[in-house]
Amino acid sequence: MRIRRLTHRGMGRPRVAVLTGLVVGTLALSACGGGEADNALTWYINPDDGGQATIAQQCSDASGGRYTIETSLLPSDAASQREQLARRLAAGDKSLDIMSLDPPFIPELAEPGFLAPIPEDVVERTTENVVEGALAGATWKDELVTVPFWANTQILWYRTSVAEAAGLDMTQPVTWDQLMEAAESQDKALGVQGAQAESMTVWVNALVESAGGSIIVDPEATADEIELGLDSEAGTEAARIISTIGREGLGGPSLPTQNENASLIGFQGDSGSFMVNYPFVWPATSGAVEAGTLDQEVLDDIGWAVFPRVTEDQESAPPLGGINLGVGAESEKQDLAFEAVECIVSVENQAEYFVTNGNPPSNTEAYEDPRIEESFPMATTIRDSLQIAAPRPQTPFYNEVSTGIQQTWAPPSAVDPDTTPGSSSTFITQVLRGERLL
Amino acid sequence: MTSAIPARTTTAASAEPGPHLDTGEDKGNGRTGKAPKQYSERVRAERRLGWILAGPAFVIMLLVTLYPILQAIYESLFRFRLTAPGEREFIGLGNYAVILTDPVWWSGLWTTVLITVVTVLVELVLGFALALVMHKALKSVRGLLRTAILVPYGIITVVSAFAWFYAFDINSGYINNWFGWLPGIDQDLNWFAQGPTALFVIMASEIWKTTPFISLLLLAGLAQVPDELTEAAKVDGATWWEQMRKVIIPNMKAAIMVAVLFRALDAFRIFDNVFIMTNGAYGTEVLSLLAYRQSISRLEIGLGSAVSVLLFICVLLICFVAIKLFKVDLAGSQGGK
């Protein structure tokens, strides 16, 4: 009797388990299928100050019910955003109607056909007055594969008092050598990003491009055939600047772990002098003054200019970033998605996004909005910088190239102008051929 | 995902089903031995009951551990990049050859072993001391004491990693300020700019976080040592150290070995602390991060799977050494003497 009862009770469990499974399964299915209207578009956005969600709402309202845009938040850093989108796209996720994409990762997604081709008329309407660099970042194999939304660039921020004390005329273009000299003579720290992170690639690329070179000679080549341009005069020049700053301690003790935010903290402090950084510096510093955590005189002391030159007679090539909009190839609502994209990137929206969230427009027309000059006195410098900015290497293997550079060019004090360009070239080439781990 | 799952579930796969099944079989055999025919139906029923009870869990284990492990082994034989699905190519053991001839693998292995050995040793000593404190504490404060000791273990690793990172960070940290009087520490010390100091912070965080776990396992071991034995030793005039060395520690050897094995397996798969604090920069690369970088960042599923499989083999080796050579008795420590 006892056994039977035990056995019977034992049999009860799988039944309960099966029932539970069924209930959970049904719930999960209904959660997936429910609430999806036919005209609802999903826009995968990078985190911001709420600007993209506002634009989504405005465009939904303006469409008169033709579509509604729902935003879905991606991880905070660009590399994790790429990881998530690439995995979803590779798995054929149909919910990727609109995606906010970081330009360097676009070729990787365009090459296997993960992005829907942009209709000719949309191309025409969305490329007018768009800065050169942003268009280059939106293009793969001579075809526009994404629509430029906003464009980011680094400018040179400086403390007027330090520049004056060092006797630098900031109305004229300055070189890295002048900045290093000034920082040394004034015993201040240069704000550069020496951490082993994406910001390192941004710096190396800007220096190499400013010296007239390119990290990759033939970006459209396959992994086995890619030829790197690091082992060149431009690469050596870039290595010389980075290694001098590292070895002579010109970047301060935090240099090897310094990213954009850490540079800003240093720049706002007593040792702040010159810093290359994105426009977010301005709202962040004004915000700190308003919040009472920073003195007004620091804000008053800040000046700005175009990214420093590598050689005196050659215009610099500032870093270029930003966000472009792509439409997933598996999306079932591509027509509506492109309609929404056109609304999102409208000149008015770009101007408003700059004013409210601090992200500069890719369309030069937007800079004529009077609100911009008011909130961003350096808007003209930003626009000029965008016109001469150079994108990072456009290759489907950007992640390998970038991580390879980060691992061989950081910390700055370990960079040797004679060997680093060559050894990093060899390393990245081996990684691309599948002969090395990263 | 295949990369992380096999390694993560090893502890459960190797440790948990064992004791349950063993206990069941022992009972059955014992009774069969006494009178086989008379009880055979009952034995069969009990066995059936055992399978019915453990079956669903066993099937789920197979699905969530065996399947991904086999899939990872299969994928590791290909050159396959997620964003280039058309170029998938069978290369046999090619990925393994690339990994095992790469200095990055060996330096990662060395760092991982160093972290494992140092953290487990320190945790064992600290954990034993804490277990003794908890064991000897007055009844009135015992609950409070155990809660206090267990708090770090209750904190999510990523959260504790961030807390430690910000404490030591050169821009926002307070450690340089507080400990500036110690030789070698000053305002300009950037803990995460070179391997040794970065590893120190990573290991300290790891030790702070998981010592409570080891002390809990050791406390269970301490509770198993019969009081009569220590009393007898005391009567014989044994000092505290002699009681420890000759009575208490030998009697809880099983608990110590299980604690060491569990922690070693865990420590060998360290990921969160390194990922948050340095992301593998400046000589802090560990094997889990290496696997992550290949399969998640690079989307090289083949190469990443091969790293995961090698990591899995390392974990199996640790289990094998512990169970076969040091004869860790997984069932015994759980009270099934």
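## A tour of two chains

Start with both chains in view: chain A and chain B bury about 3,200 Å² between them, 58% of it on carbon and sulfur atoms. Buried area here is the accessible area (1.4 Å probe) that two parts lose on being put together, summed over both. What you have open is a predicted model, where local features need pLDDT of at least 70, side-chain atom pairs count only at pLDDT 80 or more, and totals for chains, interfaces and linings use all residues. Residues count from 1 along each chain as its sequence is written, chains are lettered from A and ligands numbered from 1 in the order in which they are written, and side-chain values use heavy atoms, leaving out hydrogens and water.

**Stop 1: where the chains meet.** The whole contact takes 42 residues from chain A and 38 residues from chain B, with contact meaning heavy atoms within 4.5 Å.

**Stop 2: a five-strand sheet.** Stay in chain A and switch to cartoon view. Helices (H or I, at least four residues) and strands (E, at least two) are DSSP runs, numbered from the N terminus. Look for the open sheet of five strands with the order S2-S1-S3-S11-S6 and mixed pairing; two strands pair if DSSP finds at least two bridges between them. Its edge strands are S2 (68–73) and S6 (147–153) of chain A, each pairing on one side only. Now pick S1 (residues 40–45) of chain A, which runs parallel to S2(A) and is joined to S2(A) by six bridges. On that pair, Ile45(A) stands opposite Leu73(A). Helix H3 (residues 78–90) of chain A packs on this sheet and touches S1 and S3 (98–101) of chain A. The direction of H3 makes about 145 degrees with that of S3(A); axes are lines fitted to C-alpha atoms, for helices over the stretch in contact, and angles run from 0 to 180 degrees between N-to-C directions.

**Stop 3: a four-strand sheet.** Next, find the open sheet S8-S9-S7-S10 of chain A, again with mixed pairing. S8 (189–191) and S10 (302–305) of chain A stand at the edges with a single partner strand each, so one side of each has no neighbour in the sheet. Neighbouring strands are turned by 20 degrees against each other on average, direction ignored. Select S7 (residues 155–159) of chain A: S7 and S10(A) pair in the antiparallel sense over four bridges. Which residue of S10(A) is the bridge partner of Trp157(A)? Click on Trp304(A) to see that partner.

Stop 4: The rule: rings of Phe, Tyr and Trp (its six-membered ring) pair if their centres lie within 6.5 Å, and planes under 30 degrees apart count as stacked, over 60 as edge-to-face and the rest as tilted.

**Stop 5: over to chain B.** Chain B has 16 helices and two strands. Select Trp164, Phe168, Trp191, Phe200 and Trp208 of chain B, and you have one aromatic cluster.
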